[in-house]
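Trainee: I would like to go through this model with you, starting with the ligand site and then the helix packing.

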Amino acid sequence: MAFAALFGLPAPAASSDGSILTPKPGPGPRINGPPVYGARPGRPFLYRVPCTGRRPLRFSAHGLPPSLRLDAERGIIRGRAPEKPGEYRVVLRASNAHGRTERRFRIVVGGTLALTPPMGWNDWYTHYDRITDGRVREAADTMIASGMADFGYQYVNIDDCWMVKPGSEDLLLGGEARDASGAIRPNRRFPDMKALTDYIHGQGLKAGIYTSPGPLTCAKFAGSHGHEEIDARRFAEWGFDFLKYDWCSYGKLAGGTTVEDRMRPYTLMGGILKRLDRDIVFNLCQYGMSEVWKWGASAGGHCWRTTGDLGLAKDTRLPGFYSIAFRNAEHSDYAGPGHWNDPDYILIGRVGNARKIHEPPRATALTAAEQYSYMSLWSLMAAPLFFSGDMNSLDEFTLNVLCNAEVIEIDQDALGRQGRIVRRTEEEFVLAKALEDGSVAVGLFNLSEEPRQMAVSWTELGIEGSRRVRDVWRQKAAGAATARHAATVEPHGVALVRLLGSAKVN
Ligand code: GLA
């Protein structure tokens, strides 16, 4: 193997035999999650410190603004953000019987949310039109029990189909979409939305909801057209923290196909959300029309889908996530703290078929190497990380892909750069992401059907000097390099490394 040949070390490429590359977290505490967090002045604040290590853990926080309180047993910070805009430098600490740790955490109070890409779970690709209050609660429970929340997964998001379906004869789904005052009603599978978000918040997690600017959602449930203000206010009263706003049936009302026509519904909702006494992350879903990456942020969006649905993407020679990634990767100039390109959800583990939504979730057909590539691409592209597979059948391999703290650190890096395309040929794709500490994360993706020797030079990366190489999936030092990095990479797989600045000791 080229890597071994060059440095006398084992190759860092992902394996395709189902082997688990991510080491299990140790018994001592390790604080994970974003190093920086945005909140608006005086708004309700909730943050569960993601931390691995054996429970019981004990948390403390130095420098926390007085309007916030930390639950020392559970590591949940609650309260209201300070009224005064500015940067609040906090030191989070965690300890248990096996050790102690601390980590800097900057709370930036101002106008910007989602200073790092949002992370969580979305129900769409598992539950489709079967989503219920109980399934959402179960997902929140599993986000904690599986340890996902300890790595930074935080949002538990309801997609389409929570509202009434006009004209439906199904007793649970049909009925009046709105009450006498015009307020949106959930269908009978959601008896009490406020109780549901209270339940999610009780675990320190956040809750997301979905609607459309059109009269109907994509699954033909009631949308928000003509009720934007009342719906947004209701979502805030219910306690939601995230809104996905899906174009769907709005096309007929748009009046045309100019940028203004495409922006209008998002600018309207974005403006309403800004006036609410609640921080709501705004996710634009309109499949990339009119180059949304160029104006999504000015419409108030924190992230925007850049393509059609990943679950409907056709597999060509490569799995569909690759073609979505190639397109999303083109827009790296438009991503940054508070505004991210969204290439859609992570569909691994057991996951439903978007073309046959009534079939139960099945094990992904992706190879292990492809799954490592998927997660590496999303992290290098600073994409929102939303798993949308079945939370009830998470296996060890899937969790190892979703929960590698060093991979997630690349996604959540405070500099907020989206990785740039270094090379794209029929056989090779190389992405490089500059990180806040001066290191560079590089993914060498082998698009061919054979194992392949791949390399990237410092000239291509625009860096100089000796760099220590970190094998990110294996979380292992992998020697040093001075001019190039090379690896043998599995078919459709990746070698993901972090090239550390020579001065930094890890
Ligand atoms: C569209 C969106 C999907 C999902 C469905 C729900 O297709 O792009 O992500 O929300 O609608 O109907």
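This is a predicted model: local features need pLDDT of at least 70, side-chain atom pairs count only at pLDDT 80 or more; totals for chains, interfaces and linings use all residues.

Mentor: Residues are numbered from 1 along each chain as its sequence is written, and side-chain values use heavy atoms, with hydrogens and water left out.

Trainee: A polar side-chain atom of which residue lies 2.7 Å from an oxygen atom of the ligand?

Mentor: The residues surrounding the ligand include Asp159, Asp160, Asp246 and Arg305; a residue is near a molecule if one of its heavy atoms lies within 4 Å of it. An N or O atom in the Asp246 side chain is 2.9 Å from a ligand oxygen, and for Arg305 the distance is 3.2 Å. The residue at 2.7 Å is Asp160.

Trainee: How are α8 and α9 oriented to each other, roughly parallel or roughly antiparallel?

Mentor: Helix α8 spans residues 320-329 and helix α9 residues 368-380; helices are DSSP runs (H or I, at least four residues), numbered from the N terminus. Their axes, lines fitted to C-alpha atoms over the stretch in contact, are 10 Å apart at an angle of about 20°. Angles under 35 degrees count as roughly parallel and over 145 as roughly antiparallel. Therefore α8 and α9 are roughly parallel.

Trainee: How many residues of the contact of α8 with α9 are nonpolar?

Mentor: Phe321, Tyr322, Ile324 and Ala325 in α8 meet α9 residues including Glu370 and Ser373, contact meaning heavy atoms within 4.5 Å. Ala, Val, Leu, Ile, Met, Phe, Trp, Tyr, Cys and Pro count as nonpolar. One contact residue is polar, one is charged, and the nonpolar ones number seven.

Notes:
Axes are lines fitted to C-alpha atoms, for helices over the stretch in contact, and angles run from 0 to 180 degrees between N-to-C directions. Helices (H or I, at least four residues) and strands (E, at least two) are DSSP runs, numbered from the N terminus. Angles under 35 degrees count as roughly parallel, over 145 as roughly antiparallel, 65 to 115 as roughly perpendicular and the rest as oblique. A polar contact is a pair of N or O atoms within 3.5 Å; within protein, one must be able to donate a hydrogen and the other to accept it, and residues adjacent in sequence count only if both atoms are side-chain atoms.
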